[in-house]
Amino acid sequence: MSQPNQLADKETPVYPAVNYLNADRGVWSWLTTVDHKRIAVMYLVSVLIAFLLGGIFAMAVRVELLTPDATVMGANTYNRMFTLHGVVMIFLFMIPAIPGVFGNFLLPLMLGAKDVAFPKLNLLSLYLYWTGATLALTGMIMGGTDTGWTFYAPYSTSTPTTLFPVLLGVFILGFSSILTGLNFIVTVHTLRAPGMGWMRMQLFVWAIYATSIIQVLATPVIGLTVLLVGIEKVGGFGLFDPTKGGDPVLFQHMFWFYSHPAVYIMVLPSMGVISDVIAAVARKNVFGYKMIAYSSLGIAFVGFFAWGHHMFVSGQSPFDNGAFAVISMFVGVFTAIKVFNWVATLYRGAIAVTAPTIYICGFLFFMVFGGMTGIAVATISLDVHWHDTYFVVAHFHFIMVGAVIMGFLAGLHYWFPKMFGRKYHEGWGMVAASLIVLGFNATFIPQFLLGNAGMPRRYYMYPERFQGLNVASTAGSSLLAFGFIIILVYLIYALLRGDLAGDNPWQSKGVEWMTTSPPDKHNFHETPVITEDPHTYQKPGEEVEHVVI
Amino acid sequence: MSSSDTHARHPYLAEHYETIEKQDHAVRLGMWLFLGTEVLLFAGLFLGYTVYRHFYHETFHEASRTLNLTLGTINTIVLITSSLSVALAYHAIKHGQRQKCLGLLTFTIICALGFLVIKGFEYQHKFAEGALPGQFYRFHEVTGPGANLFFTIYFLTTGLHAFHVIVGMSVLIWVMKGVWKGKYGPDYYVPVELGGLYWHLVDLVWIFLFPLLYLI
């Protein structure tokens with residue numbers, strides 16, 4: 001644990017002369033590839049661009065909220081900015097991020113397979129993502145969409161701004177998500193290496209599997225819903241329009257039937273990353289493997305019946321409200337099972353202090369804090385007070401930014417050597433990680449206080465008494481942005497000049513580390529045969545082995 | 001691995017599968033999952049139907065009577081027959097009867113076309129009457145609240161279904177091309193099976209739409 005950047009491998013690390021990155025050359029070979037690893041790298045570049053854009057829009061929102069009056073923009077521009085921020089971050093970044101990048105790259109490797117079940121369909125998913133992203137982005141920027149990412153009817157069907165291209169974009173992005181999920185489910189069912197039973201799959205695979213089920217089952221409904229809003233907007237068919245006998249609350253039901261499970265599309269993969277990485281940095285077997293695996297499925301299942309908690313104040317019957325509240329709290333039970341098992345995995349481990357470790361600690365804090373406030377907002381009486389205030393915004397960002405981004409960054413650092421064969425600078429990695437965890441807290445803890453004091457969401461002006469906390473939040477967000485810029489710089493440097501990583505710099509027990517870094521075009525030179533349970537860092541009775549990573 | 005294989009690989013076996021059985025299993029599973037997503041796509045519209053039927057019970061009942069039951073029934077028979085013929089086509093190719101399979105697939109596609117033509121006549125009639133969705137509604141026979149919504153749902157569900165009929169036809173034409181070229185036979189017929197499965201789904205959706213829109 002002394003020098004974090006020191007390599008544990010005794011042999012000099014080798015960079016394989018021929019690997020998936022250089023096996024074929026030229027832009028065309030990338031655009032027509034069916035190699036899951038190359039598709040993952042293209043997803044990585046795409047989602048990082050989306051993240052950058054979404055981040056810029058977020059900063060615009062935060063800068064505007066520095067003063068109680070108009071700071072740099074008026075009401076309309078502000079509405080467009082938070083819409084851009086929401087749509088880009090949710091549909092272009094968070095939903096595809098971990099499944100698209102790490103799911104694609106690692107799922108076949110972790111299963112010991114040569115590729116996903118349907119490689120061409122996988123490429124089609126990426127193209128659909130690009131098409132949907134282009135449509136949604138140009139639509140929002142040219143048309144000035146101001147509905148927020150939720151597209152609530154009847155405002156969305158009556159706003160003078162352009163909406164149809166955005167809705168079509170989201171519809172197409174949905175298909176990309178469905179096809180990815182379908183591909184992953186079939187891959188897990190049919191392409192496991194010899195010896196790999198279901199109980200020998202790594203926990204990241206379990207998480208991706210549970211995510212894929214939600215993607216396949218929930219996404220068609222949002223696809224249809226946004227299409228109906230589009231038809232309503234263009235054709236005036238009256239389905240969600242009360243003046244023509246339609247019911248806008250029906251829209252909310254259909255929207256949240258997808259969009260609540262969609263929260264788990266975003267957070268489950270992140271939980272999977274943490275489960276895998278936590279064992280590697282603690283040098284311990286995962287505590288409660290089956291519990292973590294099954295609780296992923298539990299969250300996926302319960303998540304489908306919790307959507308009504310978004311609608312406590314939209315005129316549901318008290319019985320519905322109560323039922324949705326109780327079901328929502330079950331999500332907390334499954335999440336708590338995971339958190340206890342993660343903490344037990346860390347307990348008496350030989351924890352290596354690295355950038356992923358800091359992200360894991362951040363993740364655990366944000367997950368617990370965000371989860372607890374989730375239970376709080378699922379309580380009807382409290383939700384009536386907090387509904388549509390910054391409290392909900394803060395809760396949502398604790399899970400979505402806190403948990404999901406921490407998982408994404410932990411995974412990015414942990415698997416970076418596997419993907420590109422080079423190491424990032426651990427010192428800078430830890431500096432950036434600390435900045436991000438700190439900046440994140442500084443951004444969103446004030447928002448809890450603001451919401452509790454009654455500041456509503458989605459307004460560009462606010463009473464003067466809220467200014468202090470808003471300035472604190474904006475200051476925190478610049479810290480956050482600064483942390484991300486540091487990461488970008490050292491990762492690009494690592495890509496070009498970084499030290500060679502060797503096959504398994506973390507001395508991980510994951511199947512994905514059994515091949516070279518970066519892997520061969522066909523993943524493994526010989527199909528691996530699985531003889532051990534996953535995450536087996538020590539045999540029964542063995543002491544925890546201290547390893548310098 | 002594949003280069004060291006001594007056995008000849010199946011011509012349609014992709015590189016990342018070991019055996020054709022495994023590949024067949026994978027594509028079947030993929031197709032069933034895809035059919036699941038299709039059902040969920042329609043589920044949203046069925047939900048809309050249920051909600052508005054509940055809101056405007058009387059009007060929906062009244063509006064339902066104005067649909068052409070004869071044409072609807074004929075279309076149902078046409079689709080069920082086509083489902084039978086596609087199942088027989090699958091059976092035929094499984095037993096190596098290529099000509100019979102081609103004939104049955106042609107018959108299925110003719111049925112699909114027939115369905116669309118009849119549906120077209122129904123649509124034309126509704127257009128002429130002004131029984132149109134939402135803001136375009138000016139049908140005089142049914143004027144209760146929610147009458148426009150019945151026709152919104154009528155056109156959205158049957159329209160989405162008609163779109164699936166067209167997609168299903170294209171899939172079957174693509175399958176036919178493969179049968180024509182002799183790609184499929186007793187040892188490899190999964191694409192015919194999957195095309196048939198998709199066609200059954202198109203049929204099944206109609207089996208639910210017909211009573212909901214025309215009968216009750």
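This dialogue goes through several features of a predicted model, one at a time.

Biologist: Where should I start with the two chains? How many residues of chain A are in contact with chain B?

Modeller: Keep in mind that the model is predicted. In it, 30 residues of chain A are in contact with 29 residues of chain B.

Biologist: Which elements give two or more residues to the side of chain A that touches chain B?

Modeller: They are helix H6 (164-190), helix H7 (203-235) and helix H8 (248-282) of chain A. H7(A) gives the most, with eight residues. By class, this side of chain A has 16 nonpolar, ten polar and four charged residues.

Biologist: At what angle do the axes of H3 and H4 of chain A cross?

Modeller: The axes of helix H3 (residues 75-111) and helix H4 (residues 119-143) of chain A cross at roughly 170 degrees and come within 11 Å. That angle makes H3(A) roughly antiparallel to H4(A). Their crossing is left-handed. On the H3(A) side the contact includes A:Leu84, A:Val87, A:Phe91 and A:Asn104, and on the H4(A) side it includes A:Asn122, A:Tyr129 and A:Met140. By class, the contact has nine nonpolar, three polar and no charged residues.

Biologist: Is A:Ser176 buried or exposed?

Modeller: The general idea is to count other C-beta atoms within 10 Å, with 20 or more counting as buried. A:Ser176 has 25 of them within that distance, so A:Ser176 is buried. Its place is in helix H6 of chain A. Not counting residues up to four places away in sequence, A:Ser176 touches A:Ser125, A:Leu128, A:Tyr129 and A:Gly132. One of these, A:Tyr129, is also part of the contact between H3(A) and H4(A).

Biologist: Can you give me a case from chain B?

Modeller: B:Trp199 is in helix H6 (residues 190-215) of chain B. B:Trp199 counts as buried because 30 C-beta neighbours lie inside 10 Å. Leaving aside neighbours within four places in sequence, B:Trp199 is in contact with B:Ser83, B:Val86, B:Thr108, B:Gly168 and B:Leu172. B:Trp199 and B:Leu172 are 27 residues apart along the chain, and their C-alpha atoms are separated by 8.1 Å.

Biologist: Which residues touch the most other members of the largest nonpolar core?

Modeller: That core has 233 residues, and A:Val205 and A:Ala410 touch the most other members. For A:Ala410, leaving aside neighbours within four places in sequence, the contacts are A:Val273, A:Ile274, A:Val277, A:Pro356, A:Tyr359, A:Ile360 and A:Phe363.

Biologist: What should I look for in the backbone itself?

Modeller: Most residues other than glycine have a negative phi, and most peptide bonds are trans. Exceptions can be listed one by one. The peptide bond from A:Ala153 to A:Pro154 is cis, with omega near 0 degrees. A:Pro154 is in the loop between H4 and helix H5 (155-158) of chain A. Another cis bond runs from A:Ser517 to A:Pro518, with omega near -10 degrees. A:Pro518 lies in the segment after helix H15 (467-497) of chain A.

Biologist: And where is A:Asp388, which has a positive phi?

Modeller: A:Asp388 is in the loop between helix H12 (380-386) and helix H13 (390-420) of chain A. Its phi is about 60 degrees, although A:Asp388 is not a glycine. With 13 C-beta neighbours inside 10 Å, A:Asp388 counts as partly exposed.

Biologist: What is the phi of A:Asn523?

Modeller: Phi of A:Asn523 is near 75 degrees, a positive value in a residue other than glycine. A:Asn523 lies in the segment after H15 of chain A. A:Asn523 is buried, with 24 other C-beta atoms within 10 Å, whereas A:Asp388 is partly exposed.

How values were computed. Residues are numbered from 1 along each chain as its sequence is written. Chains are lettered from A and ligands numbered from 1 in the order in which they are written. This is a predicted model: local features need pLDDT of at least 70, side-chain atom pairs count only at pLDDT 80 or more; totals for chains, interfaces and linings use all residues. Two residues are in contact if their C-beta atoms, placed from the backbone, lie within 7 Å. Helices (H or I, at least four residues) and strands (E, at least two) are DSSP runs, numbered from the N terminus. Ala, Val, Leu, Ile, Met, Phe, Trp, Tyr, Cys and Pro count as nonpolar, Asp, Glu, Lys and Arg as charged, and the others, Gly among them, as polar. A nonpolar core is a set of buried Ala, Val, Leu, Ile, Met, Phe, Trp, Tyr and Cys residues joined through C-beta atoms within 7 Å. A residue is buried if 20 or more other C-beta atoms lie within 10 Å of its own, exposed if 12 or fewer, and partly exposed in between; C-beta atoms are placed from the backbone. Axes are lines fitted to C-alpha atoms, for helices over the stretch in contact, and angles run from 0 to 180 degrees between N-to-C directions. Angles under 35 degrees count as roughly parallel, over 145 as roughly antiparallel, 65 to 115 as roughly perpendicular and the rest as oblique. A crossing is left-handed if the near helix is turned anticlockwise from the far one by less than a right angle, and right-handed if clockwise.
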